[in-house]
Amino acid sequence: MPGKLNLKIITPERIVLQKEVDQVVARAIDGELCILPDHEPIVTALSIDVVRYDVAGDEDHAAIMGGVLEAKGNEVTVLSDVAELDVEIDVARAHQAKAKAEAEKTQKTDKLEVYITEMAISRAIARLKAVELRQRRRGGRQS
Amino acid sequence: MANLKAIRRRIKSVQATQKITRAMRLVAAAKVRRAQQRTLAARPFTTRVIKMLREIVRDTAEIDLQELPLLHRRPIKKVAIIVLAADRGLCGSYNSNIFRHTLERVQQLEKDGKEVSLILVGLKSVAFFRHFKLTKHRTYTLLPAVPTVEEAKLIAMQTAELYVKGVVDAVELISTHFISLLRSELVNTKFLPVELPPPEVHEALQPQILFEPTIQEVLELQLLPKYIENVIFQSLLDASASELAARMNAMSNASTNAQELINTLTLVYNKARQASITQELLEVVGGAEALRA
């Protein structure tokens, strides 16, 4: 039986999560990676997406708005400016934010402004994805 | 009696002052709680970022870091000091402590033959250093009472720019570390270049850290900006919490002093009143005696 990973998700506002997990799956800026116990030390930049982690065969999710992931020994630390667990996400707000950003994007011509709205869209998408993954899991469990 | 009137007026004025200091204490007390929470909540993140960056810089060969201007070390000739002080006064020795420490540091650096310049935060620091012949790169004033990441970003980016362009070779940060409501401590942080942890004996067979995709990208896009932003952000938070705590203590002392003063004055006033009444009685009795005789 391999050891467990101690996953920490930290933002400037609070410690979002501190938990023993079996594995962590995250999307780095160049692709997805999975961290199992006794991983080699690694530091990677994360993209705006969902981090999935397994606790006793059960998968949970957190929306991460970019950041850094460091694995060292069996400590996995995610440092991000903003991070939310799937249970905390306000779905209605994320939908609204997405719609608003998409509407704004069509009106913007400046490259920088388009980029900013695209970032907003991807943040909203990451949140929605975390929620959706959670719902799918729950649905699967019920049936 | 003129004296009585003067004392009465004095009591009134002290009472008015006390009302103000009491109100200021309450306001500071209400704000400090929030500032304290935010400061403490931000700390784990900042310490992690600093630790991570130091470990990486220590464990990587220098050649890999060469392309990152922010980590570039060069002989230190010109030093900039960021002075984090308050916008407002009436907070005890909070500001003057910072200034005294800054002046000491400036003298020390100048003795070592370094060129010193300043980056000032807070109206009070601008007012204090106005008459000093030191280069001031930038001044930031009227920050909100509870600092946000935006201000930190602005200060951090502009300071980093000075460093990258070679205007300065090192940046130090003088600010206040918040310990508790009654204690805060002056700290002098070496902000740039990134300070290395004390050299440790490397364990044999220590696995090399992998970087995905490359060390440059990880550091340049994520870790370094986070580092410079959060060191400043944390200092701003610490400073605001310390300032409010200092103001709360100063105002609480002031209110107590005012109360003491009022008590003493009331005593003097009553004595004087009693004396004047006795005096008048004596005069009346004396007059009556004189008439009867």
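Surface patches are made of residues with over 30% relative accessible area and no salt bridge, like charges being joined within 9 Å. In the predicted model, Lys5(B), Arg8(B), Arg9(B) and Lys12(B) gather in such a patch of positive charge. Lys12(B) belongs to helix α1 of chain B, which spans residues 2–59. With a relative accessible area of 56%, Lys12(B) is exposed and therefore passes the 30% cut-off for patch residues.

A patch of negative charge on the surface draws on both chains, its members being Asp30(A), Glu67(B), Glu212(B), Glu217(B) and Glu220(B). Glu220(B) is located in helix α6 of chain B, residues 215–292. The relative accessible area of Glu220(B) is 47%, so this residue is classed as partly exposed.

Strand β5 of chain A, residues 42–55, is mostly covered, with 12 of its 14 residues buried. Several pairings involve this strand. Strand β3 of chain A (residues 23–28) pairs with β5(A) in the antiparallel sense over 4 bridges, and Val24(A) is placed opposite Tyr53(A) of β5(A). The pairing of β5(A) with strand β6 of chain A (residues 58–72) is likewise antiparallel and runs over 13 bridges; here Val51(A) stands opposite Ala62(A) in β6(A). These two strands, β5(A) and β6(A), form a hairpin with 2 residues between them. Within the turn, Ala56(A) has a positive phi of about 50°.

A pairing between chains is also found: β5(A) and strand β6 of chain B (residues 210–212) run in the parallel sense over 3 bridges. In this pairing, Thr44(A) stands opposite Glu212(B) of β6(B). Glu212(B) is also a member of the negative patch described above.

A search of the whole structure gives 17 salt bridges over all chains. One of them joins Glu88(A) to Arg14(A), with the closest N and O atoms 3.1 Å apart. This pair links distant parts of the chain, 74 residues apart: Glu88(A) is in the loop between β8 (83–85) and α1 (91–107) of chain A, and Arg14(A) is in the loop between β1 (5–10) and β2 (15–21) of chain A. Both partners are classed as partly exposed, Glu88(A) at a relative accessible area of 37% and Arg14(A) at 33%.

A salt bridge is also formed by Asp49(A) and Lys129(A), whose closest N and O atoms are 3.1 Å apart. Because Asp49(A) lies in strand β5 of chain A and Lys129(A) in helix α2 (residues 111–142) of chain A, the pair ties together parts that are 80 residues apart in sequence. Asp49(A) counts as buried at 11% relative accessibility, whereas Lys129(A) counts as partly exposed at 32%. Both residues take part in a network of salt bridges that also includes Arg27(A), Glu32(A), Arg52(A) and Glu59(A).

In chain B, the side chains of Arg43(B) and Asp238(B) meet in a salt bridge with an N to O distance of 2.7 Å. Arg43(B) lies in helix α1 of chain B and Asp238(B) in helix α6 of chain B, so this contact ties together parts that are 195 residues apart in sequence. At 21% relative accessibility Arg43(B) counts as partly exposed, while Asp238(B), at 3%, counts as buried. The two fall on opposite sides of the boundary because buried means under 20% relative accessible area.

Key
Residues are numbered from 1 along each chain as its sequence is written. Chains are lettered from A and ligands numbered from 1 in the order in which they are written. This is a predicted model: local features need pLDDT of at least 70, side-chain atom pairs count only at pLDDT 80 or more; totals for chains, interfaces and linings use all residues. Side-chain values use heavy atoms; hydrogens and water are left out. Patches are made of residues with over 30% relative accessible area and no salt bridge: like charges are joined within 9 Å, nonpolar side chains (Val, Leu, Ile, Met, Phe, Trp, Tyr) within 5 Å. Accessible areas come from the Shrake-Rupley method with a 1.4 Å probe; for residues, only the protein chains shown count as cover. A salt bridge is a side-chain nitrogen of Lys or Arg within 4 Å of a carboxyl oxygen of Asp or Glu. Lys and Arg count as positive and Asp and Glu as negative; His and the chain ends are not counted. The place of a charge is taken as NZ of Lys, CZ of Arg, CG of Asp or CD of Glu. Buried means under 20% relative accessible area, exposed over 50%, partly exposed in between (1.4 Å probe, protein chains only). Two strands pair if DSSP finds at least two bridges between them.
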